[in-house]
Amino acid sequence: MATTISSLAATHSLHRRCCRSSPSSPSTPARVSFRAAPLAVAAARARRRAAVQVVASSALLEAPEELATRKLYVGNIPRTVTNDELSAMFAEHGTVVRAEVMFDKYSGRSRRFGFVTMSTPEEANAAIESLNDTEVGGRKIKVNVTESFLPNIDVSAPEPEPAFVDSQYKVYVGNLAKTVTTEVLKNFFSEKGEVLSATVSRVPGTPKSKGFGFVTFSSDEEVEAAVSTFNNAELEGQTIRVNKA
């Protein structure tokens, strides 16, 4: 019996605490507020921030065909040309988004070529018209569009290709047809020397050709022979551009 009375007293005391009126408003019950757990609130905020970032990133993405018409290969430049000097050369023909001279990862020397991205296709075309085959530091430079948009081709996972063997005796090959594979490129250049390796640059994760590639040889003489023989030659129905890399 004592246990029952004690339980009833505890229940009555709890009821009085929960239903106690506010001192300033005797007739109004106290308000009970519920707050979401801190971890749940943080998770919700993180999801909202992620959604905003995805939308912002999507707005900055550019279709491949748009970039392809603005990015230029600049070949046969003097080894002394810097990124800033390369940018200044093209700035006379529009807004330069990016200019980069390519350097050998072992020697640190310029590889005598680079890439320049203009802000519009019109500016890129103007730069090609004005600068291709002009002299810079006593060398006749080559300026071409590096990438071609290739619509309506299979985008399934590409076949693995042999590892590319780099060398100081190398040529850049531009304006490649979308059908040109690494094997086709290597066999084509094998007529003029011992080809160490060849590669067709592709969009990462796809078989899409970027429209250019590289071929390496065993000597400078073979490089010179390849340039003199194959520059402006036809491969798979397109006139290719071949320059020292």
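**Figure 1. Packing of the buried residues of helix α7.** The buried residues of α7 pack against β9, α6, β11 and β14, where contact means heavy atoms within 4.5 Å. This is a predicted model, in which local features need pLDDT of at least 70 and side-chain atom pairs count only at pLDDT 80 or more, whereas totals for chains, interfaces and linings use all residues. Residues are numbered from 1 along each chain as its sequence is written, and side-chain values use heavy atoms, with hydrogens and water left out. Helices (H or I, at least four residues) and strands (E, at least two) are DSSP runs, numbered from the N terminus. Glu222, Val223, Ala226 and Phe230 are the buried residues in α7; buried means under 20% relative accessible area, exposed over 50%, and partly exposed in between (1.4 Å probe, protein chains only). Viewed down the axis of α7, these buried residues fall within an arc of 105°, so they line one face of the helix. The arc is that of the directions from the helix axis to the C-beta atoms. Glu221 and Ser228, on the other side of α7, are exposed. Asn232 follows α7 and has a positive phi, near 70°.

**Figure 2. The buried face of helix α6.** Helix α6 spans residues 182-189, and its residues Thr182, Leu185, Phe188 and Phe189 are buried. Down the axis of α6, the buried residues fall within an arc of 130°, so they line one face of the helix. The cover of these residues includes β9 (170-174), β10 (195-202), β11 (209-217), α7 (220-230), β12 (234-235) and β14 (241-244).

**Figure 3. An open sheet of four strands.** The strands are arranged in the order β4-β5-β3-β8, with antiparallel pairing. The edges are held by β4 (96-103) and β8 (142-145), each with a single partner strand, so one side of each is left without a neighbour in the sheet. On average, neighbouring strands of this sheet are turned by 20° against each other, direction ignored. Two strands pair if DSSP finds at least two bridges between them. Six bridges pair β4 with β5 (residues 110-118) in the antiparallel sense, and Val96 has Met118 in β5 as its bridge partner. The antiparallel strands β3 and β5 are joined by five bridges, with Lys71 opposite Thr117 in β5. Between β3 and β8, also antiparallel, there are four bridges; here Val74 stands opposite Val143 in β8.

**Figure 4. Helices lying across the sheet.** Helix α4 lies across β3, β4, β5 and β8 and runs at about 135° to β4. Helix α5 lies across β3, β5 and β8, running at about 155° to β8. Axes are lines fitted to C-alpha atoms, for helices over the stretch in contact, and angles run from 0 to 180 degrees between N-to-C directions. Strand β3 is mostly covered, with four of its five residues buried.

Figure 5. Tyr73, Phe113, Phe115, Tyr172, Phe212 and Phe214 form one aromatic cluster. Rings of Phe, Tyr and Trp (its six-membered ring) pair if their centres lie within 6.5 Å; planes under 30 degrees apart count as stacked, over 60 as edge-to-face and the rest as tilted. The structure holds 13 aromatic pairs. One of them is the stacked pair of Tyr73 and Tyr172, at 3.5 Å centre to centre with 5° between the planes. Tyr73 lies in strand β3 and Tyr172 in strand β9, so this pair ties together parts that are 99 residues apart in sequence. Both Tyr73 and Tyr172 are buried. The ring centres of Phe113 and Phe115 are 5.8 Å apart and their planes stand at 90°, so the pair is edge-to-face. Phe113 and Phe115 are both buried.

**Figure 6. Loop residues with positive phi.** Most residues other than glycine have a negative phi. Asn76, in the loop between β3 (71-75) and α4 (83-91), has a positive phi of about 65° although it is not a glycine. Asn76 is buried, with a relative accessible area of 17%. Asp133 lies in the loop between α5 (121-131) and β6 (135-136), and its phi is also positive, near 70°. Asp133 is partly exposed, with a relative accessible area of 35%.
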